[in-house]
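Biologist: Can you walk me through how a pair of helices packs here, and then through the cavities?

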Amino acid sequence: MENFTFYAPTYFVFGKDSENDTGNYVKRFGGTKVLIHFGGGSVVRSGLLDRVKKSLEASGISFVELGGVRPNPRSCLVYTGIDLCRKEHIDFILAVGGGSVIDSAKAIAAGAVYDGDFWDYYQGKPVEKALPVGTVLTIAAAGSEGSPDSVITKEDGMFKRGASGEALRPKFTVMNPALTQTLPAYQTACGITDIMAHLYERYLTNTSEVEVTDRVIEALLLTMVHEGPRVIVDPNNYQARANIMWAGMMAHNNCCGVGRTQDWTSHGIEHELSALYDCAHGAGLAVVMPAVFKYNLSHDVMRFAQVAVRVWGCQMDFAHPDVTARAGIEAFRSFLISIGMPKNFDELGAREADIQKLAQFCCYGDGASGTIGGFVQLTQDDVEKIYRMML
């Protein structure tokens, strides 16, 4: 295990009707004038936005609203939000929605107190200062409600990139699993896939002797394997929703990633797909991950075999551990398909003719270094081959 520091001070409020106290938490963390940031019409139609506003009013907190966040959130709305925060003298940002809304809110929070272009942070500049952010979570998926990370799509070139910094970690997060019960099955499955991706990206490590975090990751993966099918069959299963929601936060606040190197190859390769085709991030990951795992299998066969046995129930073939490892990858792929995820390029709406461009953008676009991956260093040629495995 490697040396690490870990500080995750987000205040979590979990349970039914917890959104009705949002105003108290904004006040607790110093907010006096709030930007409420949200996406489409679902938070309006469900009455959630009204409940949140009522709670803010009851706490004597003024607010302005900025809706319109799309999946794979765009830079143009971030710029609009930054201008609005400065004009209205906003001192707190409240994200009401899922990962896209929270990521957009974090970008606005960083940009509003920065003299330069907020995109500097998405090209590697650490985020050291930002307006405080709180969240009311509506989708269990991205884990942004507990993480210091944000991902935004830059419309000039359609580059999807991430930024990070402890200043972006939410001050509080309201988590009512009942708010996720109205999600379509496809969105729910995309969220489950994203959660599992966050776990696998940490599991694929070159650090030895990380038994504690290995076991935590395996437990959370097993939770997804158990609860995922239950919630697809019965969307109103509150307990299944609750377990998935808390697992989603644990998967990405980095309690599973401390003391070990991490990978993030699958995310890097998928970001080009969702940037170019606007497919759901989880759907893209469902196609990308099995291909990446098969391509990188020989780098550490026993790591893939270990998760195959411990999570997917595969029988260990000690004479041929690669057989066990491949069985685990196929079991994972079959699970994703069983909950409604796509299985190839065509089902994502992706085109073979774009593969070279996708690989080039992934490795060299918008200041990228030329290689990706923390588990295995991959070149543009490697990435092209992985994309072709998805056909």
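This is a predicted model: local features need pLDDT of at least 70, side-chain atom pairs count only at pLDDT 80 or more; totals for chains, interfaces and linings use all residues.

Biologist: What is the handedness of the crossing of helix 14 and helix 15?

Modeller: Helix 14 covers residues 355-364 and helix 15 covers residues 380-389, and their axes come within 9 Å. With the clockwise rule in hand, the crossing of these two helices comes out right-handed.

Biologist: Is helix 14 parallel or oblique to helix 15?

Modeller: The axes cross at roughly 135°. Angles over 145 degrees would count as roughly antiparallel and 65 to 115 as roughly perpendicular. That makes helix 14, relative to helix 15, oblique.

Biologist: How many nonpolar residues does the contact of helix 14 with helix 15 have?

Modeller: Helix 14 brings residues including Ile 355, Leu 358 and Cys 362, while helix 15 brings Val 383 and Tyr 387 among them. By class, the contact has 3 polar and 2 charged residues, and the nonpolar ones number 8.

Biologist: Which helix gives the most to the lining of the second largest cavity?

Modeller: That cavity has a volume of about 50 Å³. Helix 11 (301-310) and helix 12 (321-338) each supply at least two residues of its lining. The top contributor, with 4 residues, is helix 12.

Biologist: And what is the volume of the largest cavity?

Modeller: There are 2 cavities of 30 Å³ or more. The largest is lined by residues including Ala 140, Thr 180 and Arg 241, and its volume is about 60 Å³.

Definitions and conventions: Residues are numbered from 1 along each chain as its sequence is written. Side-chain values use heavy atoms; hydrogens and water are left out. Axes are lines fitted to C-alpha atoms, for helices over the stretch in contact, and angles run from 0 to 180 degrees between N-to-C directions. Angles under 35 degrees count as roughly parallel, over 145 as roughly antiparallel, 65 to 115 as roughly perpendicular and the rest as oblique. A crossing is left-handed if the near helix is turned anticlockwise from the far one by less than a right angle, and right-handed if clockwise. Contact means heavy atoms within 4.5 Å. Ala, Val, Leu, Ile, Met, Phe, Trp, Tyr, Cys and Pro count as nonpolar, Asp, Glu, Lys and Arg as charged, and the others, Gly among them, as polar. On a 1 Å grid over the protein atoms alone, a cavity is a set of points where a 1.4 Å probe fits but cannot get out, and a pocket is an open set with protein on both sides within 12 Å along at least five of seven lines; lining residues have an atom within 4 Å of a point. Grid points are joined across faces, edges and corners, and a volume is the space filled by probe spheres set on the points.
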